[in-house]
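Please read them with the coordinates open beside you.

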Amino acid sequence: MVCNGAEEPAAYWNTFMGIAGMVGGVLGALAIAKLANAYGKRHAAIVTCLLAYVAYASGWWLYTPAIQWLQVIYSGLVALVCAGFWMLSGSMGADCMDYDEIDTGKRREGSFSACSSYTQKLGLSIGAGAGLYLLPFVGFDSNLPGGVQTASTILGIKACLVIIPLVGVTVALLLVMRFPITREIAADIRAKLEARRGKV
């Protein structure tokens with residue numbers, strides 16, 4: 001990579017992208033947690049999805065060979081919303097487990113955790129493997145001199161980086177909007193469970 005007329009190794013930018021991701025993740029966890037405490041997890045999840053639209057869509061402009069440091073900002077933005085998703089998914093999952101216990105009389109954290117872990121790993125595997133098919137599809141050629149790709153290939157890669165996550169965020173938003181457990185319902189379920197079996 002070239003920055004300010006000097007050749008910079010990929011590790012140079014990976015370092016700053018990692019730092020931006022760390023900072024964004026911490027800020028995201030703190031901000032989304034505060035939002036969830038103030039307005040409820042469902043509202044916080046909706047806001048996180050809306051922020052994810054901004055973060056992922058910004059990749060269209062922030063991933064550019066002309067100004068490489070913009071990708072550092074992109075890494076921070078994505079880490080911010082990902083931290084919110086990871087934190088809220090576990091917390092909302094716990095509410096689902098309480099709801100399931102009220103409904104069935106059984107405590108099945110193991111089943112819920114196994115399904116959650118499986119779907120997350122399946123998604124990560126599909127995402128990682130998709131590159132084997134998407135990169136040739138957009139014309140990526142690792143044998144080109146200096147690794148410099150054509151303009152159409154860069155456009156295709158950027159389209160994949162933006163469109164695929166936005167489709168996933170849309171699905172997440174639709175599911176979150178149907179999530180029935182509000183803060184009041186969760187508190188009522190918790191009170192009933194504690195009255196039935198005591199605090200755990």
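This is a predicted model: local features need pLDDT of at least 70, side-chain atom pairs count only at pLDDT 80 or more; totals for chains, interfaces and linings use all residues.

1. Arg 107 counts as partly exposed because its relative accessibility is 33% (buried means under 20% relative accessible area, exposed over 50%, and partly exposed in between, with a 1.4 Å probe and protein chains only). Arg 107 forms a salt bridge with Asp 98, the closest N and O atoms being 2.6 Å apart, where a salt bridge is a side-chain nitrogen of Lys or Arg within 4 Å of a carboxyl oxygen of Asp or Glu.

2. Residues are numbered from 1 along each chain as its sequence is written, and side-chain values use heavy atoms, with hydrogens and water left out.

3. Arg 190 is partly exposed, with a relative accessible area of 26%.

4. Arg 107 also meets Glu 109 in a salt bridge, again given as 2.7 Å from N to O, and Glu 109 counts as partly exposed at 32% relative accessibility. Asp 98, Glu 101, Arg 107, Glu 109 and Arg 190 are linked in a network of salt bridges, and the count of salt bridges by this rule comes to seven.

5. Helix 4 and helix 7 (residues 183–197) pack with their axes 10 Å apart and at an angle of about 55 degrees; here axes are lines fitted to C-alpha atoms, for helices over the stretch in contact, and angles run from 0 to 180 degrees between N-to-C directions. The two helices are therefore oblique to each other, given that angles under 35 degrees count as roughly parallel, over 145 as roughly antiparallel, 65 to 115 as roughly perpendicular and the rest as oblique. The crossing of helix 4 and helix 7 is left-handed, a term used if the near helix is turned anticlockwise from the far one by less than a right angle, with right-handed used if clockwise.

6. Which residues of helix 4 meet helix 7? They are Asp 95, Asp 98, Tyr 99, Glu 101 and Ile 102, and they face Ala 186, Ile 189, Arg 190, Lys 192, Leu 193, Arg 196 and Arg 197 in helix 7, contact meaning heavy atoms within 4.5 Å. The residues of this contact divide into five nonpolar, no polar and seven charged (Ala, Val, Leu, Ile, Met, Phe, Trp, Tyr, Cys and Pro count as nonpolar, Asp, Glu, Lys and Arg as charged, and the others, Gly among them, as polar).

7. The axes of helix 4 (residues 70–104) and helix 5 (residues 109–137) come within 10 Å and cross at roughly 145 degrees, and this crossing is right-handed. Trp 86, Cys 96, Met 97 and Asp 100 in helix 4 meet Glu 109, Phe 112, Ser 113 and Gln 120 in helix 5, and the residues of this contact divide into four nonpolar, two polar and two charged.

8. Gly 84 has its place in helix 4 and counts as buried, at 0% relative accessibility. Not counting residues up to four places away in sequence, Gly 84 touches Ile 32 and Thr 48. Gln 71, also found in helix 4, is buried with a relative accessible area of 9%.

9. Is Lys 158 buried or exposed? Lys 158, which lies in helix 6 (residues 151–177), counts as buried because its relative accessibility is 16%. Leaving aside its neighbours within four places in sequence, Lys 158 is in contact with Gly 59, Trp 60 and Tyr 63.

10. Pro 136, in helix 5, is exposed, with a relative accessible area of 52%. The C-alpha atoms of Pro 136 and Thr 153 are separated by 9.3 Å, the two residues being 17 apart along the chain.

Notes
Helices (H or I, at least four residues) and strands (E, at least two) are DSSP runs, numbered from the N terminus.
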